[in-house]
Amino acid sequence: MSAIVGAATCRRSFLVGAAGLLVAGTFPRASAESSKPPGQFALTAAKGRASLVGKAHPATGVWCYGGTIPGPIIRARQGEPIRIVVDNNLSEETTVHWHGIRLPIGMDGVPGISQPPIAPGQRFTYEFTPPDAGTFWYHPHADSLQQLGRGMAGALIVDEPGPIAVDRDVLWMLTDWRLTADAQIASGFGNSMDAAMSGRVGNTVTVNGAVSKEERVRAGERVRLRLVNSSLARIMALRFEQHRPLIIAIDGQPCDPHEPDGGRLLLGPAMRIDLLLDMQGKPGRRYRVIDDFYDGLAYWVTKLAYEDKPPLRAHSLDPPPALPRNPVPEPDVTTAQRQELRLQGGMMGGGGMAGMGGMSDMSHAAWAINGTSMTGDGHAGMAPLLTLQLGRSYLFTLRNDTAWWHPMHLHGHSFRVLSRNGRPVPRQQWADTVLVPPRETVDIAFVADNPGDWMLHCHVTDHQVSGMMAILRIV
Ligand code: C2O
Ligand code: CU
């Protein structure tokens with residue numbers, strides 16, 4: 001497999017003898033080891049070129065971090081401070097949002113609210129201490145449609161103090177692109193069709209920045225596979241042919257290991273799933289990883305290609321222990337203050353817009369939350385939709401009145417997903433981004449423990465920038 005996560009090499013000593021796992025000595029060297037001291041990182045945002053679709057096609061003009069697609073992996077340790085110096089070599093303003101990290105508002109990267117945007121040629125230093133271990137990611141929060149859609153994204157992995165016993169720790173950043181026939185990024189960002197419908201769903205999906213024919217695996221090995229959907233709009237439903245992945249964390253937050261419903265992993269934009277994948281296929285064979293989210297548009301993302309070698313171990317491994325829980329405060333649902341948030345707008349079957357009758361300005365707003373449309377990526381002076389009391393528990397019903405799916409993201413917090421359509425869901429998983437299907441409701445609960453003005457928005461970027469965004473003020 002490509003993109004072995006950086007610290008895998010350092011873990012070798014832990015892995016030998018742990019839970020009977022052998023290490024086969026197949027760890028490639030991490031590609032971009034930083035020479036900086038631990039916890040210190042540098043990212044430069046700039047234009048570049050990347051070979052997204054292979055040698056037979058021209059390289060794609062992209063915008064990226066550190067010259068690579070995806071950007072460099074930032075590897076932190078739970079509870080230890082990190083510092084990331086960001087230089088903006090683009091010809092427009094940018095910021096970096098550390099998606100899913102519960103950090104102080106001043107480091108959240110929302111322009112005008114957390115910080116002034118970073119002007120071209122300027123630098124901003126982000127410093128924070130990730131309280132939670134898990135799989136997170138970073139992306140711009142300025143001109144998001146273009147900056148994210150042209151490639152600016154990277155993984156932020158926070159390690160648990162004690163690693164779990166696996167043979168390899170692997171990242172797949174899954175990114176959808178809308179490319180022209182000569183492999184360039186298609187224009188038309190923010191057109192009104194994309195805005196009012198599914199968002200800018202593309203035509204090419206890459207794994208770690210390149211279209212993937214296969215990812216090499218070894219029979220018998222156990223892999224921790226970190227999936228990140230860094231697409232602007234594409235929702236994925238992944239199936240691993242003849243394999244049984246176990247979900248061990250969602251949006252960085254551990255859960256009881258379980259198989260996905262119907263064997264399908266639903267991964268909306270910005271969502272992450274950590275899997276434990278035991279390679280139980282046959283040496284020399286290939287197995288497809290299929291995304292069949294959109295009706296009639298199934299395709300395979302890649303194939304697991306088994307090396308023609310005997311299995312790494314003779315006996316299958318014991319079921320894995322759960323990852324240690326993160327210190328997320330538990331909401332008290334009995335005393336929680338309840339609030340309904342209606343997601344409105346978008347194109348309907350008949351061509352009209354849903355629930356937008358009372359809206360005055362239809363020129364660039366296609367969506368609303370409770371009748372209010374906040375557009376763009378964040379700017380100074382945005383009025384809060386709600387004011388929440390610091391330390392109090394809240395129970396939000398997200399009611400999707402539209403004909404489209406919305407991955408709803410809350411900044412600065414993780415929330416429990418309590419129920420769907422009024423029925424409690426198993427495990428009541430923590431998340432920072434939850435997919436709300438058309439015409440359905442999802443109840444979430446969280447403790448408003450982080451003071452500041454926090455964004456709540458749809459992570460289909462077209463929807464966010466055209467109105468499906470709000471600010472929650474916590475004081
Ligand atoms: Cu990844 Cu405002 O979000
Ligand atoms: Cu949406």
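This talk goes through one predicted model, from the overall chain to a few individual residues.

Some ground rules. Residues are numbered from 1 along each chain as its sequence is written, while chains are lettered from A and ligands numbered from 1 in the order in which they are written. Because the model is predicted, local features need pLDDT of at least 70 and side-chain atom pairs count only at pLDDT 80 or more, whereas totals for chains, interfaces and linings use all residues; side-chain values use heavy atoms, with hydrogens and water left out.

I will start with the whole chain. It has four helices and 33 strands; helices (H or I, at least four residues) and strands (E, at least two) are DSSP runs, numbered from the N terminus. Of the 475 residues, 57% are buried. Buried means under 20% relative accessible area, exposed means over 50%, and partly exposed is in between, with a 1.4 Å probe and protein chains only. Contact means heavy atoms within 4.5 Å. Among contacts between residues at least 6 apart in sequence, 77% join residues at least 24 apart.

Now strand β24, residues 393-400. Seven of its eight residues are buried, so β24 is largely enclosed by the rest of the structure. Two strands pair if DSSP finds at least two bridges between them. Strand β20, residues 337-345, runs parallel to β24 and is joined to it by seven bridges; Arg338 has Leu395 in β24 as its bridge partner. Strand β30, residues 441-447, runs antiparallel to β24, also with seven bridges, and there Thr397 is partnered with Asp443 in β30.

For charge, Lys and Arg count as positive and Asp and Glu as negative, with His and the chain ends not counted. The nearest side chain of opposite charge to Asp291 is Arg234, 4.3 Å away. The Asp291 side chain reaches the backbone nitrogen of Ala237 at 3.0 Å, and a polar contact of 2.7 Å joins it to the side chain of Tyr299. A polar contact is a pair of N or O atoms within 3.5 Å; within protein, one must be able to donate a hydrogen and the other to accept it, and residues adjacent in sequence count only if both atoms are side-chain atoms.

Val301 is among the residues in contact with Asp291. Val301 lies in strand β19, residues 299-306, and counts as buried at 4% relative accessibility. Leaving aside neighbours within four places in sequence, its contacts include Leu174, Val205 and Leu238.

Last, the salt bridges. How many are there in the whole structure? The search finds 29. One joins the side chains of Arg123 and Asp87, at 3.0 Å from N to O. That pair links distant parts of the chain, with Arg123 in strand β6 and Asp87 in strand β4, 36 residues apart. Arg123 is exposed, at 55%, whereas Asp87 is buried, at 17%.

Arg102 and Asp132 form another, with the closest N and O atoms 2.7 Å apart. Arg102 lies in the loop between β5 and β6 and Asp132 in the loop between β6 and β7, so this pair ties together parts that are 30 residues apart in sequence. Both Arg102 and Asp132 are buried.

A further salt bridge joins Arg325 and Asp256 at 2.8 Å, N to O. Here the loop between β19 and β20 is tied to strand β15, because Arg325 lies in the former and Asp256 in the latter, 69 residues apart in sequence. Arg325 is partly exposed, at 48%, and Asp256 is partly exposed, at 45%.

Note on methods:
A salt bridge is a side-chain nitrogen of Lys or Arg within 4 Å of a carboxyl oxygen of Asp or Glu.
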